[in-house]
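Please keep the sequence and the model in view while reading.

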Amino acid sequence: MPMKTEPYRDDAEPMNNRVTALMARRGPALQPGALHAALLDRLTRELGKTPETASARDVYDALSLAVREELMLRWLATQRRVARAKVKRVCYLSVEYLPGNSLMNALFSLGDSYVAEARETLREMDFDLEQIASQEIDPGLGNGGLGRLAACFMDSLATLQYPAVGYGIRYDYGIFTQRVDEDGSQREVASSWLKLRNPWETPRGNARYTVRFGGRSVAPPGADPTAPHRWVDTHDLYAIGFDQLIPGNRSQTVNHLRLWSGRAILPFDVDAFNDGDYPAAVREQIDAKNLSRVLYPDDSTPQGKELRLKQQYFFVSASLQDMLATHCAEGRALDSLPDAMAVQLNDTHPSLAIAELMRLLVDEHSVDWAEAWRITTAVFSYTNHTLLPEALETWAVSLFERLLPRHLEIIYLINSEFLGEVDRRFPGDYDRQRRMSLITEDGERRVRMAHLAVVGSHRVNGVARLHSELMRRHVFGDFAEMHPERFINVTNGIAVRRWLKQANPGLSALLSERIGFAWENDLEDIGRLAGAADDAQFRRRLREIKRENKLRLSAEIGHRIGLEVDAESLFDVQVKRIHEYKRQTLNLLHVITRYLRIIDQPDAEVVPRTVIFAGKAAPGYVIAKAIIKLINNVARTINADPRVGGRLRVAFLPDYDVSLAQKIMPAADLSEQISTAGMEASGTGNMKLSLNGALTIGTLDGANIEIRENVGPDHLFIFGLNADEVVAQRAAGYRPRALREANPMLSRALSLIESGHFSPESPGDGRIVAERLLADGEPYLVLADYAAYVHAQDRVDALYRDADEWSRKAALNVLGMGYFSSDRSIREYADWIWGVRPVI
């Protein structure tokens with residue numbers, strides 16, 4: 001663990017009298033015992049409803065407003081402490097956030113007494129707390145682990161009392177709502193999270209910045225290329241800030257997430273309207289709002305590519321302008337920016353921030369180029385989240401020339417100076433210069449955004465030990481050779497408040513009975529319970545809690561898809577973004593294998609199993625969508641086959657989000673973490689499931705390796721090729737058809753898919769997936785790991801028959817997860833990268 005930095009202590013009174021008086025005039029404060037009065041006050045005075053006429057949604061809004069008011073007081077006090085201290089802030093740039101339910105999170109952060117009081121208050125009004133909380137729609141601001149990690153980090157920053165602001169985009173529709181059609185296909189529907197009022201956000205009219213596109217860059221006559229330029233003839237729009245409060249757990253600190261929404265400077269053209277050209281009258285507003293309509297617009301068209309690049313620039317430009325405005329308002333000089341702001345790039349999407357900060361410093365604030373570069377590299381750090389080449393974004397130079405001409409000039413200058421440095425270090429090594437250049441020169445010239453992020457940052461980190469090693473060795477090998485001190489590892493973690501305290505109240509209560517509440521803010525404290533795995537009473541309680549959670553999930557499955565499942569069966573869970581490298585297809589091949597075994601040996605003793613899939617496929621990812629369709633068709637066939645007799649059930653749960661994950665994680669018995677070794681950066685679903693008592697079946701990939709070290713190699717099921725063996729297999733030439741020919745059961749499973757057995761009305765539906773798995777050189781080596789995976793699954797069955805021993809291993813998983821808290825991750829970022837300290 002890193003050494004803990006000494007916090008800054010502000011001994012001034014927590015809130016000035018003027019703010020206190022203003023808040024008092026608004027009605028009853030949300031103090032213990034006052035929740036009922038505060039809720040009624042907001043219900044009647046702000047919503048114009050009485051308890052008799054109020055709907056569940058009305059009550060949700062009123063309760064949320066009452067709770068938010070308490071958080072707002074704490075936020076004001078936090079901002080005052082931070083401004084007085086003039087300490088360094090963390091500014092976290094991420095295009096994704098998946099914060100989940102705000103009401104329950106806020107209540108739990110305030111303390112258990114607030115949760116109990118809310119429950120009792122609502123009971124008196126004939127409502128249930130869970131019923132009221134279910135009125136909230138999860139913000140669709142992310143697609144998977146990247147967004148959830150960002151939300152966990154924001155939670156930890158507030159809980160540990162680090163001054164921080166998260167920056168992102170307020171997507172009107174966010175990630176799509178997933179529907180499953182009758183034929184099993186995924187259908188994308190616009191998310192409705194902003195359909196009703198959002199009581200948790202605060203529009204910030206004073207946080208309004210002009211963002212520019214297009215035009216041309218003009219240099220003073222005879223000026224040096226590094227001199228300030230004017231960016232003229234641009235198309236301009238506004239970025240408007242909306243804040244969402246981020247409370248710390250059992251803490252007075254409340255930080256905020258600032259999300260940007262696009263608006264036209266002239267939203268309505270009266271002349272065009274009067275001329276009868278009604279579309280033209282609102283075209284500027286439509287174009288501006290399109291920048292914050294959806295997360296990850298489909299970039300398979302030129303228009304989609306342009307929108308994505310504009311979206312990324314829009315977000316980083318507004319965020320950096322906001323940071324500089326805050327810095328200057330506090331009377332601090334620009335050369336002190338590295339002492340005031342630590343800006344973290346969460347993956348490659350915000351990399352344009354490096355060029356934008358250079359533009360703002362040089363062109364807008366007349367800072368010398370060399371000094372601006374010193375400031376920029378000292379401010380930025382970059383987290384890489386992927387080894388997949390397609391995720392390391394590149395943009396066509398021609399697109400930059402049209403949309404961001406000044407930034408392209410800046411990138412050229414950065415590249416020129418950097419390649420000069422490379423040449424001085426490795427004279428005459430032109431291949432190395434070509435590999436390290438920010439601009440690709442092969443074919444279409446493109447800007448390498450990951451290279452820009454590495455060159456413009458003082459630290460670059462991976463998110464699991466294996467990932468960081470592969471990143472240093474392969475993806476950024478030349479850069480790591482040149483600047484080895486720049487590259488470090490910070491293994492990801494999860495917010496224990498969300499994923500244990502809120503998601504699994506039974507297990508949380510059991511832990512607190514044994515060791516108190518300290519684990520909520522210091523998960524490593526549960527290590528004191530290591531011996532409890534050998535306590536028969538503890539194991540019995542663990543089994544009872546797991547069964548209650550499985551009953552709850554069984555009811556949710558019935559409600560969502562109308563499938564009845566047996567809570568006594570083994571709940572086998574794979575919930576994550578649908579992608580070939582995550583290998584949902586490997587899981588599905590095992591499901592079909594179990595199905596064939598049951599048909600072949602109808603009288604054999606079988607461990608009943610419920611296999612649960614959930615996750616979304618990117619709209620333009622054809623194979624991933626075909627995998628979803630195949631999963632649903634396999635599920636429909638198996639669930640309807642009377643020969644199976646309930647011994648195997650398959651469920652695909654549509655529209656996977658944080659709220660659904662909070663029901664799935666505590667109920668899982670088996671955690672499927674079966675990505676191709678060397679391809680998963682870290683994974684955090686593996687951590688959430690293990691913390692809730694699921695045993696992992698997985699490859700030696702991502703954080704699975706570190707989970708294995710912490711819970712013990714005998715308490716999870718590792719199988720398959722490791723990362724080096726994957727590389728060797730690819731180099732030797734991977735021929736999956738030979739593996740099929742050598743394994744009769746695998747061949748039968750694939751034949752069922754190819755024959756249309758699972759979709760007789762459309763026999764070709766599964767063939768695209770089978771053909772992909774059988775293609776020479778198939779990059780994810782699914783069939784190469786099939787035999788080892790099935791053998792590991794047989795070991796799972798054998799252990800599950802011994803309920804007490806399974807419970808012992810489940811307990812060891814729970815109690816061995818102390819390292820995997822996002823609090824530990826944030827302390828490492830704070831000490832090793834950002835140089836920030838708490839303000840309390």
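The radius of gyration is taken here over C-alpha atoms, and the rule for a globule is 2.2 Å times the number of residues to the power 0.38. The model under discussion is a predicted one. For 840 residues, a compact globule would have a radius of gyration near 28 Å, and the value of 27 Å found for the protein therefore agrees with that expectation. The C-alpha trace spans about 85 × 70 × 65 Å along the principal axes of the protein.

The protein contains 35 helices and 22 strands. Of its 840 residues, 62% count as buried. Among the contacts in the protein with a sequence separation of 6 or more, 77% are accounted for by residues 24 or more positions apart.

Two pairs of helices illustrate how such elements pack. The crossing in which α2 passes α5 is right-handed. On the α2 side, the residues that meet α5 are Leu-35, His-36 and Leu-39, and their partners in α5 are Tyr-114, Glu-117, Ala-118, Thr-121, Leu-122 and Glu-124. Sorted by class, this contact of α2 with α5 comprises five nonpolar, two polar and two charged residues.

The other pair is formed by helix α33, residues 786-800, and helix α34, residues 803-815, which pack at an angle of about 110 degrees with their axes 7 Å apart. This angle makes α33 roughly perpendicular to α34. Val-796, Leu-799 and Tyr-800 of α33 make the contact with Ala-803, Glu-805, Trp-806 and Lys-809 of α34. By class, the residues in the contact of α33 with α34 are five nonpolar, no polar and two charged.

Attention may now turn to a helix with several buried residues. In helix α19, residues 465-475, the buried residues are Leu-466, His-467, Ser-468, Leu-470 and Met-471. What covers these buried residues of α19 includes the strands β15 (460-462) and β16 (487-489), together with the helices α20 (477-482), α28 (704-711) and α29 (723-732).

Most residues other than glycine have a negative phi. Ser-366, however, is a residue other than glycine with a positive phi, near 55 degrees. Ser-366 is found in the loop between α13 (352-364) and α14 (369-379). Its relative accessibility is 58%, so Ser-366 counts as exposed.

Leu-781 likewise has a positive phi, of about 50 degrees, although it is not a glycine. This residue lies in the loop between α32 (767-774) and α33. Is Leu-781 buried or exposed? With a relative accessibility of 0%, Leu-781 counts as buried.

A further loop, between α24 (584-600) and β18 (609-614), holds Pro-602. Pro-602 has a relative accessible area of 47% and is therefore partly exposed. In sequence, Pro-602 and Val-644 are 42 residues apart, while in space their C-alpha atoms are 7.9 Å apart.

Key
Residues are numbered from 1 along each chain as its sequence is written. This is a predicted model: local features need pLDDT of at least 70, side-chain atom pairs count only at pLDDT 80 or more; totals for chains, interfaces and linings use all residues. Side-chain values use heavy atoms; hydrogens and water are left out. A crossing is left-handed if the near helix is turned anticlockwise from the far one by less than a right angle, and right-handed if clockwise. Helices (H or I, at least four residues) and strands (E, at least two) are DSSP runs, numbered from the N terminus. Contact means heavy atoms within 4.5 Å. Ala, Val, Leu, Ile, Met, Phe, Trp, Tyr, Cys and Pro count as nonpolar, Asp, Glu, Lys and Arg as charged, and the others, Gly among them, as polar. Buried means under 20% relative accessible area, exposed over 50%, partly exposed in between (1.4 Å probe, protein chains only). Axes are lines fitted to C-alpha atoms, for helices over the stretch in contact, and angles run from 0 to 180 degrees between N-to-C directions. Angles under 35 degrees count as roughly parallel, over 145 as roughly antiparallel, 65 to 115 as roughly perpendicular and the rest as oblique.
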